[in-house]
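Subject: Model for your files

Hello,

Here is the structure I promised to hand over. My notes on its helix packing and its sheet follow below it.

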Amino acid sequence: MLIRNLSIVGAGYVGLCTAVGFASKNYKVIIVESNVQKVNSVNNAVPPFYEPGLEELLKKVVEEKNLKCTSDYEEAILNSQITFITVGTPSLPDGNIDLQYIKSASRKIGEALAKKKEYHLVVVKSTVTPSTTNDVVKVLIEKHSKKKCGSHFGLCINPEFLVEGSALNGVLNPDRIIIGEYDKKSGDLLESLYKDFYGKNIPPTIRTNLQNAELIKYANNAFLAMKVSYINQIANLCQRIPDADVEVVAKGIGLDKRIGPLFLKAGLGWGGSCFPKDLQALLKFSRSKGTALPLTEATIRVNEIQPFKAINLAENLLGTLKAKKVAILGLAFKPETDDMREAVSIKIVEELLRRKAKISVYDPAALENARKIFGNKIKYCKTISECISDAECAIIVTEWSEFGKLKPEDFTSKMKNPILIDGRRIYNPQKFSSALKYVAVGLGSENVELEPDETVWINPALAVNIIIEDRKRILLVKRKFEPFKGLWSLPGGYVEYGENVEETLKREAKEECGLDVKPSKIVGVYSNTKRHPWKHVIAICYAAKKVRRQSRAESREEKACFFNINQIPKKLAFDHAKMIKDYLKILK
Ligand code: UGA
């Protein structure tokens, strides 16, 4: 069957770029979108987000009548042979994947399919955890269409690997095509579409079952994020070795063909709409299957504190940041996008606000989106020059190419006592260091004395009295861990801001007490923001009441009363007295 008519559910990033890609090669594409504003925007050839090249191509395909957008599922399904599902799969507050949009799309596709006589292929492109296509999408479509998968309709999962900023190229020239198929007929049909679309330039294609294809997408993103966190860790080490430079180290290891040079750019961390949510979903999924992914956990942990390296450097050189003007260059989660989702800049700006710095920001594309996040708490500048004027410190947060063109004089002529923090390694260290105070992520310097990066773990029962006072002593306490008499006490500890509390406690319980438990009760969370403001040290007391030491193994699960970790406020001020009181309450 020659496929010429497609429908795509969801006019988001993946949906619209895929739709425009197919339409540009004369396929007839109908997008189904529930947001009326987006429907109008697409039909008026105005992309609802910024992506290089998209506006021109959208205009062309709309004018040529190869692409239209509607809210009517029936119109889309009845006039197409294949439907791609490209709705979002965001995170639930606990990190699990939120399937509400997948479910509603499946239901509506099913209802529309009920009215269709011909065979139809449904292809999931959204990122979904293994078995979702079979257990959720298939089941809902069958239920609402009253038709049978494999005979009346086909089903595939065909993950996308589009990269924001070059998404159209990703549609037109992908590295590979992954087809997870419910049955051979479904896979054959989808492959025939791609053979027709790419002609003899069809990329390497893997056909497999649904589960493998679903997992390939997650494993792919987790590996890429791990590569970045890995080099960021090496950068943090370089920072402490005079004259070491992560850029050179990355180049050296990247030439090993087994490693490769890409995704080894050290910086202030990764963000965006995909890595953070996908890694969390993968972790939750793997836990639900009874296995841990320690490398993915560490990938996230490294990334959570990486943005604060910029603040640490600024504070090191400027002393207090209170009332100092700090210029932030770049806000988007990466260049060539206006996307602020999970952008590193958010953590940096919020932290600077807490320290009462005066913040001015500039970004070539993301200012409007940034305004929705920071409101009038910061100054938005239309030019680089306005942003850095009179600033005492400038931080490169996103590596937009226009920043790379700046010369040392551009900073020295405008800034007050200029300090430049290159968070994305875009400048030549020799050239800049000789002209101004230049520090950079992963560039070892004798002028900067960094505090140790610490995450220490303690037994809260013993730590109550000494907590926060002496970090070395706390480390000793951990080694001498001993549960209280008559009280089964699990270790708690210091968790760096943003760390995965639940996971850490579970691991500690295992290591310290040999117990497999879910956190049962968190007595308190306290953040010592005064002494180590940038670290947001959180102390957690964690205990189960009146469980005799001897019998703790049998009774721990039943006695557990679960405290929702997501409800822990992240910015609590440290209150030593309250902490002791809370702790004593459970000792009673
Ligand atoms: C990512 C994947 O690269 C795509 O293959 C995947 O399709 C997409 O997620 C998705 O799941 O839909 P994207 O989020 O557009 O694409 O962004 P990337 O270009 O991968 O960058 C992610 C983050 O890593 C950015 O914050 C970037 O600044 C950072 N990064 C990347 C580094 O800090 N260093 C590097 O060397 C590379």
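A crossing is left-handed if the near helix is turned anticlockwise from the far one by less than a right angle, and right-handed if clockwise. Helices (H or I, at least four residues) and strands (E, at least two) are DSSP runs, numbered from the N terminus. This is a predicted model, in which local features need pLDDT of at least 70 and side-chain atom pairs count only at pLDDT 80 or more, while totals for chains, interfaces and linings use all residues. Residues are numbered from 1 along each chain as its sequence is written, and side-chain values use heavy atoms, with hydrogens and water left out.

Helix pair: α5 (residues 100–113) and α6 (residues 132–145) cross in the right-handed sense. Their axes come within 7 Å, at roughly 35 degrees (axes are lines fitted to C-alpha atoms, for helices over the stretch in contact; angles run from 0 to 180 degrees between N-to-C directions). Contact means heavy atoms within 4.5 Å; among the residues making it are I102, I109 and L113 of α5 and V136, L140 and I141 of α6.

Sheet: eight strands form an open sheet with mixed pairing, in the order β3-β2-β1-β4-β5-β6-β7-β8. Two strands pair if DSSP finds at least two bridges between them. The edges are β3 (67–70) and β8 (205–208), each pairing on one side only. On average, neighbouring strands are turned by 25 degrees against each other, direction ignored.

Helix α8 (residues 184–198) packs on this sheet, and its direction makes about 160 degrees with that of β7. Helix α9 (residues 210–238) also packs there, touching β6, β7 and β8.

Regards
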